[in-house]
Amino acid sequence: MLDTLNDADFERFRKTIYDESGITFSATNRPILDSRIKEILREKKIDSVDEYYKLILSDHEEMKKMLDSVTTNLTRFFRNQPHFDALEKYVIPHVLEEKKKTGDNTVRVWSAGCSTGEEPYTIAMILKRILPPGYKFQVTASDISLKSLMVGQTGFYADNKIDGIPPDYLQQYFTKSAGGYQVNKEIMDCVKFDYHNLKNDSGMRNLDVIFCRNVMIYFDEPAQLVVLNRFWNSMASHSYLFIGHSESLFGMDTKFEFLKTDWACLYQKNI
């Protein structure tokens with residue numbers, strides 16, 4: 001049975017993962033890739049790394065499962081509260097100002113790299129609460145992890161997953177059941193979960209807000225620029241981009257403008 005990936009194995013898996021998703025595995029995080037490939041081989045009862053590598057090249061579904069297995073899916077409700085404060089108190093009021101000029105009554109948000117759904121449901125709850133009468137909203141939630149998307153689609157979260165949800169939100173938008181909480185239908189109906197590889201064009205246009213937090217840290221700069229340019233093309237003329245608090249576009253050749261609000265820093269498209 002496999003002990004560790006040899007240098008040649010690591011290089012071909014690293015290159016394939018990068019080519020397929022833009023996710024970069026360096027020498028520093030090589031042990032992560034090593035352990036996850038070993039786990040897959042154990043689960044599939046495959047003894048040969050070469051056999052498994054040929055399998056993912058010949059079977060698109062197996063390739064997607066492999067990409068799912070090597071990604072990290074860490075999230076929680078209302079993660080990084082200042083971002084949601086900025087969404088509520090700055091971004092949405094400015095978005096609505098633009099909507100009044102065009103007569104468009106739909107706020108469009110994309111949660112890219114949504115993991116198990118806590119982020120898009122948080123966004124939906126906030127919009128449900130703050131949008132004035134006459135406005136509606138759409139939240140698209142995407143990820144490369146099919147397992148995570150399936151969790152999000154159920155809308156059920158164990159008791160230990162609801163930390164951080166304000167009590168009034170929990171009472172209004174969740175129903176307690178055995179072992180956890182179920183997101184209410186009025187919120188679930190506002191979120192559409194969809195498999196998407198950020199390497200590809202989403203096909204979405206006129207988005208008002210994109211959340212893509214703690215995702216691009218796994219990409220090198222060329223891959224980041226591809227993603228950012230795709231975001232730019234999918235966004236409305238006056239729109240907003242949230243990235244992770246440890247991420248930055250400084251020094252990168254993008255069209256986005258840095259925006260510092262009273263609550264959090266983010267980026268904007270303003271043309």
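Is Thr-116 buried or exposed, and what is its relative accessible area?

Mentor: Thr-116 is buried, with a relative accessible area of 16%, where buried means under 20%, exposed over 50% and partly exposed in between, using a 1.4 Å probe and protein chains only. The model is a predicted one, in which local features need pLDDT of at least 70 and side-chain atom pairs count only at pLDDT 80 or more, while totals for chains, interfaces and linings use all residues. Residues are numbered from 1 along each chain as its sequence is written, and side-chain values use heavy atoms, with hydrogens and water left out.

Thr-116 belongs to the loop between β1 (106-112) and α6 (118-130), the elements being DSSP runs numbered from the N terminus (helices H or I of at least four residues, strands E of at least two). Its side chain is joined to that of Glu-118 by a polar contact of 2.6 Å, that is, a pair of N or O atoms within 3.5 Å, one able to donate a hydrogen and the other to accept it within protein, with residues adjacent in sequence counted only if both atoms are side-chain atoms. Beyond the neighbours within four places in sequence, Thr-116 is in contact (heavy atoms within 4.5 Å) with Thr-75, Ser-148, Val-151, Gly-152 and Tyr-157.

Helix α6 lies across β1, β2 (136-143), β6 and β7, and runs at about 175° to β2, with axes fitted as lines to C-alpha atoms, for helices over the stretch in contact, and angles taken from 0 to 180 degrees between N-to-C directions. Strand β1 is part of an open sheet of 7 strands with mixed pairing, in the order β6-β2-β1-β7-β8-β10-β9, where two strands pair if DSSP finds at least two bridges between them. In this sheet β6 (191-195) and β9 (257-260) stand at the edges, and because each has a single partner strand, one side of each is left without a neighbour in the sheet. Neighbouring strands of the sheet are turned by 25° against each other on average, with direction ignored.

Further along that order, β8 (residues 235-243) is mostly covered, as 7 of its 9 residues are buried. Strand β7 (residues 207-212) pairs with β8 in the parallel sense over 5 bridges, and Val-209 has Tyr-240 in β8 as its bridge partner. Between β7 and β8 the chain passes through helix α10 (residues 221-234), in a right-handed β-α-β crossover; right-handed means that, with the strands pointing away from the viewer, the path from the first strand over the helix to the second runs clockwise. Strand β8 is also joined by 4 bridges to β10 (residues 265-270), and these two run antiparallel. Here Leu-241 has Tyr-267 in β10 as its bridge partner, and His-238 stands opposite Asn-270 in β10.
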